[in-house]
Amino acid sequence: MNIRDRVEKLRQLMKENQMDAYIVPSFDAHQSEYVAEHWKCRQWISGFTGSAGTVVITLEDAGLWTDGRYYIQAEKQLEGSEIRLFRMMDPGVPSYTEWLADVLKEGSNLGFDGNVFSIDMVKKMEKDLKAKGIELKMNKDLIGDLWEDRPEIPKGPIFTHDVKYAGKSRVEKLNEVRVEMKNKGANYYILTSLDDIAWLLNIRGADVPNNPIAIANVIVAEHKCYLFIDSCKVSPLIKLELEDEGIELKASAEIQTLLGNLSNGDAVILDTNKTNIRLYNAINSSAKKIESPNITTNLKAIKNEIEIENLKWCEIKDGLAMVKFIKWLKNSVDKTEISEIIAEERLEDFRREQEGFIGPSFDTIAGYKEHAAMMHYKANKETQYTLKNEGLFLIDSGGQYYDGTTDITRTIVLGRLSDEQKRDFTLVLKGFIALSSVKYLYGATGSNLDVLARQPIWQYGLDYKCGTGHGVGFFLNVHEGPQSIRNDNNNVILEKGMIITNEPGIYLEGKYGIRIENMMLVVEDEKTEFGQFMKFEAITYCPIDLAGINKEMLTESEKQWLNNYHQEVYTKLAPYLNEEERVWLKEETREIIV
């Protein structure tokens with residue numbers, strides 16, 4: 001079936017089930033950003049492959065809501081489908097619930113699969129649609145009824161993440177969680193987000209591409225922890241190890257039974273942004289519900305000293321792979337045919353040479369020329385470009401290692417650039433340096449600092465329709481909260497030990513894209529009578545292409561920052577390179593005269 005046929009068949013099912021509209025989100029039953037193939041229902045019904053977006057089908061119309069990272073990609077992938085694009089970050093564009101409130105008649109029925117909708121999402125729908133008396137029908141997975149060759153829910157084996165990497169045992173982590181539970185007056189805690197579960201129990205899996213997580217749910221009680229997971233995923237040895245530490249394994253479906261058996265004296269903590277509405281409705285109505293962000297989210301966001309030490313070594317290894325790749329690319333681009341996919345594969349080969357490498361941390365974005373203007377571009381054989389010794393090549397990539405997760409972007413100069421390209425490269429660099437070098441008082445959030453990266457770009461009437469930075473997991477998801485750097489209302493204070501990315505960019509549709517990205521560690525600076533000052537420590541070690549810079553646009557302090565950073569890159573990486581590679585890196589990290 002093509003996309004139009006799928007939409008029409010869905011409409012037939014909607015009529016049979018007396019639904020006037022049906023919503024298909026990007027999430028799985030755990031509100032994950034990246035999902036296993038089984039849950040890619042929105043991709044199946046629309047053809048849009050981005051990681052974020054929601055499709056709404058009515059009996060007469062259809063729309064996709066997605067953010068600024070995917071506007072260009074979505075326009076292309078929706079062509080011929082009759083599904084309209086709603087650019088959800090643009091002024092005046094209604095949310096999909098606001099749109100439904102406008103187009104649906106009073107007393108209409110709105111359907112969706114409650115397994116993939118959070119409590120918060122359902123509450124917002126109820127609020128937005130209340131005036132028209134629209135009924136929510138959340139017990140039907142209509143896509144599952146249509147998708148004949150739908151992949152099964154993954155059943156890959158789990159493995160232990162050794163405490164020598166994690167820094168804390170699962171018993172220590174569970175004790176920390178129970179202290180917070182007691183403080184909040186709860187004796188049960190529902191945990192459904194997969195990276196939180198992996199972190200808490202020091203387990204990893206391979207159920208979601210690029211994300212070392214396993215499909216499961218957890219309930220922490222005062223003296224017991226229940227892991228709801230398919231038994232085939234757990235080896236006898238790991239089962240024994242978990243049980244010895246007070247973790248009882250149960251079948252996946254048993255979570256609803258346990259929640260239904262809670263009693264009048266029980267109080268359960270749950271994250272309404274992460275827990276799906278079906279689990280919420282399974283909780284015995286006599287039990288007290290305490291709505292609170294996941295306890296584990298804040299705990300895992302602040303890396304312990306062992307994690308930080310491991311991650312810094314991991315970043316050196318990743319930097320070595322990047323340096324070897326950039327050297328190979330620049331030396332080969334005018335001598336042999338290199339496509340976007342070949343470049344992507346070659347970088348992965350260099351990472352595979354590094355100890356402890358497991359796989360990519362996300363699908364590599366390898367975009368040449370205008371392909372780089374699509375922020376989450378994925379090269380394919382039909383439309384990929386062959387690289388030439390001219391213009392800009394953007395590569396955003398990362399690795400999963402036992403000792404950390406990496407995320408880095410470099411825009412590489414392959415040859416002659418226009419004045420406009422050098423200007424824009426330099427503007428991105430100026431924003432990048434401004435955020436990298438900021439000194440600020442403790443208490444600041446990413447929302448307070450986002451403007452620093454945008455200001456040089458705004459001066460030329462340009463902007464980028466995405467955030468500037470995100471948290472990164474430790475051998476976990478490459479996108480991790482609660483911290484971020486973006487121009488929104490995120491009120492999470494940047495704490496010592498948090499990891500955050502710095503990735504401003506300029507993306508000109510049909511022309512080129514430029515992004516520079518490092519991972520940074522939040523550290524303390526001086527403390528004075530005015531308070532504790534904070535700063536960022538760059539922990540990504542890879543040169544920034546000097547050939548892209550208009551040096552006249554840089555201030556003396558910006559040049560000094562770049563010189564200092566490049567000196568550190570050389571110092572960290574040179575001992576592990578051969579003589580030819582060291583000579584090359586020395587040239588790539590040469591000083592810009594202040």
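This report describes a helix packing, several aromatic ring pairs and a charged side chain in a predicted model.

## Packing of helices H8 and H9

Two packed helices are described by the angle between their axes and the distance between the axes. Helix H8 (residues 170–183) packs against helix H9 (residues 194–201) at an angle of about 120°, and their axes are 7 Å apart. H8 is therefore oblique to H9.

On the H8 side, the residues in contact are Arg170, Lys173, Leu174 and Val177, which meet Trp199, Leu200 and Leu201 in H9. By class, this contact of H8 with H9 has 5 nonpolar, no polar and 2 charged residues.

## Aromatic pairs

A search of the whole structure finds 17 aromatic pairs. One of them is stacked: tryptophan 44 and tryptophan 147 lie 5.7 Å centre to centre, with 20° between the planes. Tryptophan 44 belongs to helix H2 (residues 41–46) and tryptophan 147 to the loop between helix H6 (142–146) and strand S7 (159–160), so the pair ties together parts that are 103 residues apart in sequence. Both tryptophan 44 and tryptophan 147 are buried.

Phenylalanine 159 and phenylalanine 475 form a tilted pair, because their ring centres are 6.2 Å apart and their planes are at 40°. Phenylalanine 159 is partly exposed, with a relative accessible area of 27%, whereas phenylalanine 475 is buried, with a relative accessible area of 0%. Elsewhere, ring pairs link Trp65, Phe86, Tyr96 and Trp99 into a cluster.

## A charge over two rings

The charged end of arginine 346 sits over the ring of tryptophan 328, 5.6 Å from its centre. The charged end of arginine 346 also sits over the ring of phenylalanine 350, 4.1 Å from the centre of that ring.

Conventions. Residues numbered from 1 in each chain as written. Predicted model: local features only at pLDDT ≥ 70, side-chain atom pairs only at ≥ 80, totals over all residues. Heavy atoms only, no water. Axes fitted to C-alpha atoms, helices over the stretch in contact; angles between N-to-C directions. Helix = DSSP H or I, 4+ residues; strand = E, 2+ residues; numbered from the N terminus. Parallel < 35°, antiparallel > 145°, perpendicular 65-115°, else oblique. Contact = heavy atoms within 4.5 Å. Nonpolar A, V, L, I, M, F, W, Y, C, P; charged D, E, K, R; others polar. Phe/Tyr/Trp six-rings, centres within 6.5 Å; stacked < 30°, edge-to-face > 60°. Buried < 20%, exposed > 50% of the residue type's maximum accessible area, 1.4 Å probe, protein only. Lys NZ or Arg CZ within 6 Å of the ring centre and 35° of its normal.
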